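Q: I'd like to learn how to read a model like this one, feature by feature. Can you walk me through it?

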Amino acid sequence: MTRQELDAALARLGLDVPERERDDIAAAAHFIAEMAARLRPPGGRDVSAEPAHVVRFPEG
Amino acid sequence: MVADYLTIAEAARLIETRELSPVELVDSRLDRIARLDDRLHSFIRVLADEARAAARAADAEIAAGKYRGPLHGIPIGLKDIYETAGVATTGHSKVMQDHVPKADAFSVAKLRQAGAVVMGKLATHEFAFGGPSFDLPWPPARNPWDTSRFTGGSSSGTGAAVAAGLVLGGTGSDTGGSIRGPAAYCGLAGIKPTYGLISRAGILPLGFSLDHAGPMAWTAEDCAILLQALAGHDPADPASAKVPIPDYRAALQSGAKGLRIGLIRHFYERDNEANAATRQAIDGAAKTLEGLGCSVRDITLSPLADWAACGVTIMLSEAYAIHEANLRRRFTDYGEIFRDRMALAGLITAADYVQALRRRRELVDELDRAMADLDLVMTAAAPSEAPPIDQVPKFTIMNPPSLTMPFNVTGSPAMSVCCGYTDAGLPLSFQIVGKRFQDATVLRLAHAYEQATPWRQNRPQL
């Protein structure tokens, strides 16, 4: 993510991030992109695959 | 003269037999806090007067024949995200430094009902997430084994205070490893119980669907004693489970013979490479467990990075939602580590979050299938001994992938257990993981391992 892209994203979020911290955040943004990619299986997911909001509990 | 180090079980036996009074025990811990905590910074707030009053009350009750059980008169500490009536609960943050709750958290009330004496509020990473930080109203806790080292986080103060013998046990919380990490680096036993077993009502949240409350202490037996008091249904926590609570301490007596254990070796040999000392210690633990009559075989799961991506995406998204309003209004009132991690969290999309929840269902099912013919799994709790406190990267939660996060994703009970020390005397650990609501089996194996090894005899030299 470029600094320009980050600045735009932070403005949209309404966060007043100090100037000296912005380069750190921009440099780490690839972690978010890599995690997002890992969440999506190659070829996609069955449309009916439901999310887990909490783990399943046993009966009783 | 009270010993510098006592387990809860040891102190409880002495108190029950009237060889030690809660007042003597609490006074000895207050003396120790006064002598040592200026180096450890494990406490944000010491509640000396309140603790002495509670100890006197315990003395009187016990003298009257009203002994409540093994926590009666035992000094404990509370991570400062557990709300306490009339006492500030800050999350170790400027943002909430004036927050004085009207009521105790459900879990705190249960500990008090069991007779535990609250000694004070313990340091944490900011809101159980950002740290170690040097720009908050209180300094970060230091590791009693070497004060230049990291305690792990976020239950940093609990890790330090228990390891140093300032309290005999305490509370932590664990959204991605915040009980097991400090337990590993500080040489403790720390269990993240099954999701829903302990109420989170009155505990400052980080990520609702991953947050677990739990105990930290010197031994598995002490964790069992604390868990007995903490576990139980609470209608005020929407995730609180209505399940029978077994006798955790009694379960310890069953031994380890016959338990079937899967070793997730690739997590720490390939996916987040542990150092040689850690690998050797875990190999040694596996051999010890086999010697106790367990079967241990390697199993393979999805890469650790998949589990971490799922858990971290959920954690960051939920944390951002919790803090969104304050982040907009008073961004720089948060410490730099917390706020910059939250700025990154703001980049996660709604679709990313939902994909993480869908992935979570797949991973929960994957672990269930892998454990179908197993009782437990084990792996590393940390890739090394505690690193220097000034060498912890700002974005360490994302890289390398966390060894503890997989079991927040699945809600499984998971415990850090000390399995040796480096040549420099720093603790090493491994992680035991059970099936959901089989916390007693996790404690049972941990206890059997501790009884078979000498590691619990070694304490920090302070």
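Q: Which residue stands opposite G190(B) in strand 6 of chain B?
A: In this predicted model, G190(B) faces M216(B) in strand 6 of chain B. Strands of a sheet pair through backbone hydrogen bonds, in either the parallel or the antiparallel sense. Here strand 5 (189–192) of chain B and strand 6 of chain B run antiparallel, joined by two bridges.

Q: How many bridges join strand 4 of chain B to strand 6 of chain B, and are the two parallel or antiparallel?
A: Six bridges join them, and the two run antiparallel. One place to look is G172(B), which stands opposite G214(B).

Q: Which way do the residues of strand 6 of chain B point, and are they buried or exposed?
A: H212(B), G214(B) and M216(B) go one way, while A213(B), P215(B) and A217(B) go the other, and all of them are buried. With six of its six residues buried, strand 6 of chain B is therefore largely enclosed by the rest of the structure.

Q: Where is the place of L210(B)?
A: Look in the loop between strand 5 and strand 6 of chain B. To judge burial, count the C-beta atoms around a residue, with 20 or more within 10 Å making it buried. L210(B) has 23 others within 10 Å, so it is buried. Leaving aside neighbours within four places in sequence, L210(B) is in contact with T175(B), G176(B), G311(B), I314(B), M315(B) and N408(B).

Q: In what sense do strand 7 of chain B and strand 8 of chain B pair?
A: Strand 7 (residues 260–263) and strand 8 (residues 295–298) of chain B pair in the parallel sense, over four bridges. Within that pairing, I261(B) has V296(B) as its bridge partner, and L263(B) has D298(B). Strand 7 of chain B also runs parallel to strand 9 (residues 376–380) of chain B, with three bridges; there G262(B) stands opposite V377(B).

Q: Which residues touch the most other members of the largest nonpolar core?
A: That core has 165 residues, and V117(B), A189(B), A217(B), V417(B), L443(B) and A446(B) touch the most other members. Helix 11 (residues 304–329) of chain B gives the largest share, 12 residues. Take L443(B): beyond four places in sequence, its contacts include I191(B), A220(B), C223(B) and Y248(B).

Q: At what angle do helix 11 of chain B and helix 12 of chain B pack?
A: Their angle is about 110°, with the axes 9 Å apart, which means that helix 11 of chain B is roughly perpendicular to helix 12 of chain B. The crossing is left-handed. On the side of helix 12 of chain B, the contact is made by R339(B), M342(B) and A345(B).

Q: How many residues does the contact take from chain A and from chain B?
A: It takes 30 residues from chain A and 40 residues from chain B. Helix 2 of chain A gives the most to its chain's side, with 10 residues. Chain A has two helices and zero strands, and 18% of its 60 residues count as buried.

Conventions
Residues are numbered from 1 along each chain as its sequence is written. Chains are lettered from A and ligands numbered from 1 in the order in which they are written. This is a predicted model: local features need pLDDT of at least 70, side-chain atom pairs count only at pLDDT 80 or more; totals for chains, interfaces and linings use all residues. A nonpolar core is a set of buried Ala, Val, Leu, Ile, Met, Phe, Trp, Tyr and Cys residues joined through C-beta atoms within 7 Å. A residue is buried if 20 or more other C-beta atoms lie within 10 Å of its own, exposed if 12 or fewer, and partly exposed in between; C-beta atoms are placed from the backbone. Two residues are in contact if their C-beta atoms, placed from the backbone, lie within 7 Å. Two strands pair if DSSP finds at least two bridges between them. Axes are lines fitted to C-alpha atoms, for helices over the stretch in contact, and angles run from 0 to 180 degrees between N-to-C directions. Angles under 35 degrees count as roughly parallel, over 145 as roughly antiparallel, 65 to 115 as roughly perpendicular and the rest as oblique. A crossing is left-handed if the near helix is turned anticlockwise from the far one by less than a right angle, and right-handed if clockwise.
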